[in-house]
Amino acid sequence: MNRKVTVVGGAGNVGATVARSIANRELADVVIIDIADTKAQGIALDILQTCPVEGSDTRVVGGSDYALSAGSDVVVITSGVPRKPGMSRDDLLSVNYKIMQDVTANVMKHSPDAIIIVVANPLDAMAQAVYRLSGLPRERVIGMAGVLDSARMRAFIATELSVSVENVHAFVLGGHGDTMVPLPRYSTVAGIPITELLPEDRIKAICDRTANGGAEITKLVGTSAWYAPGQSSARMVEAILKDKKLIEPCSVFLTGEYGVNDQFLGVPVKLGAKGVEQVIEITLQDDEKAALMKSAAAVKELTTVIGV
């Protein structure tokens, strides 16, 4: 293959899930970079050995040397300290910002033409940090948040209504945290808004569970989720490498859209070969817009603390 995807922090649960999904789908050759050098090598070798079973000719290598990643088309940054029970995404701010500084410098040194997908938490703040540190145009730095949050909402809607997830679409905007904004009016089953299929109390319960989806898993497992975040990241990689023009909510740098300036926030975008190819503005009701502004303000507090 002549395409390469690097997963930084790939020896962790989320990173390994991303790497395995890309390799299994034969989307590109995969490089796993992690400070845990031998673990990265071992996970890469394990994933490589799944490729014959999957019928994939993907090459997978791992290590701590960023030289392995040189010339990557896409870099997925999953590095960072995972959440523990009782810890908010915001608690991770300072330590993960320092990690982003080191990672971004190495990524830009070896893959200056890459599109970067940021998965580290607090998501929107870390995406903005990488954007500022890299100096890349906004189209090429994207935060993975809304794809995951919308997937969680889709799962809950499908379960509630006993329907196929293939019939369910959901939109979750705003920051990746407690202030995220699920939009029931734009969430549908076979084109029918869920507001016509479910009572208000059940919709509220689904929205609340979506907003707390990560915390629920952290409480049950003892650490952050990894399968759904990893698969969501791989979906974004696939949309970029295949130039799918896929519309998904992602965290992107806004310059006036939705009344938000100079910060990252989750909104619907079109993903293709150039990264973010269009920011799509939808009409929001007053209460929805107020919720989005509240979410934007929460993200702004974090970015101000780290000066990005």
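Analyst: The account below begins with the aromatic rings and then turns to the chain and to selected residues.

This is a predicted model, in which local features need pLDDT of at least 70, side-chain atom pairs count only at pLDDT 80 or more, and totals for chains, interfaces and linings use all residues. Residues are numbered from 1 along each chain as its sequence is written, and side-chain values use heavy atoms, with hydrogens and water left out.

A pair of aromatic rings is described by the distance of the centres and the angle of the planes. Rings of Phe, Tyr and Trp (its six-membered ring) pair if their centres lie within 6.5 Å; planes under 30 degrees apart count as stacked, over 60 as edge-to-face and the rest as tilted. The structure holds four aromatic pairs. One of them joins Phe253 and Phe264, with 5.8 Å from centre to centre and 55 degrees between the planes, and this pair is tilted. The two partners come from distant parts of the chain: Phe253 lies in strand β12 (residues 246-255) and Phe264 in strand β13 (residues 261-272), 11 residues apart. Helices (H or I, at least four residues) and strands (E, at least two) are DSSP runs, numbered from the N terminus.

Both partners can also be described by their accessibility. Buried means under 20% relative accessible area, exposed over 50%, and partly exposed in between (1.4 Å probe, protein chains only). Phe253 counts as buried because its relative accessibility is 4%. Phe264 is buried as well, its relative accessible area being 0%. Together with Tyr131, Phe253 and Phe264 make up one aromatic cluster.

Along the principal axes, the C-alpha atoms fill a box of roughly 50 × 45 × 35 Å. Of the 308 residues, 55% count as buried. Contact means heavy atoms within 4.5 Å. Among contacts between residues at least 6 apart in sequence, 70% join residues at least 24 apart.

The surface and the charges complete this overview. The chain exposes about 13200 Å², of which carbon and sulfur atoms supply 51%; accessible areas come from the Shrake-Rupley method with a 1.4 Å probe, and for residues only the protein chains shown count as cover. There are 30 positive and 35 negative side chains, and the centres of the two sets lie 2 Å apart. In this count Lys and Arg are positive and Asp and Glu negative, while His and the chain ends are not counted; each charge is placed at NZ of Lys, CZ of Arg, CG of Asp or CD of Glu.

Ile115 is found in strand β5 (residues 115-118) and counts as buried at 6% relative accessibility. Not counting residues up to four places away in sequence, Ile115 touches Asp73, Val74, Val75, Arg140, Ile142, Ile240, Ala273, Lys274 and Gly275. Ser72 belongs to the loop between β3 (60-63) and β4 (74-77) and is buried, with a relative accessible area of 4%. With the same exclusion of residues up to four places away in sequence, Ser72 touches Lys4, Thr6, Ser111 and Ala114. Ser72 and Val30, 42 residues apart in sequence, have their C-alpha atoms 9.1 Å apart in space.

The peptide bond from Asn121 to Pro122 is cis, with omega near -5 degrees, and Pro122 lies in the loop between β5 and α4. Pro137, in the loop between α4 (123-134) and β6 (141-143), is partly exposed, with a relative accessible area of 38%. Ala190 has a phi near 50 degrees, a positive value in a residue other than glycine; Ala190 sits in the loop between β10 (188-189) and β11 (192-193) and is exposed at a relative accessible area of 57%. Lys245 likewise has a positive phi, near 60 degrees, in a residue other than glycine. Lys245 is found in the loop between α8 (227-241) and β12, and is partly exposed, with a relative accessible area of 38%.
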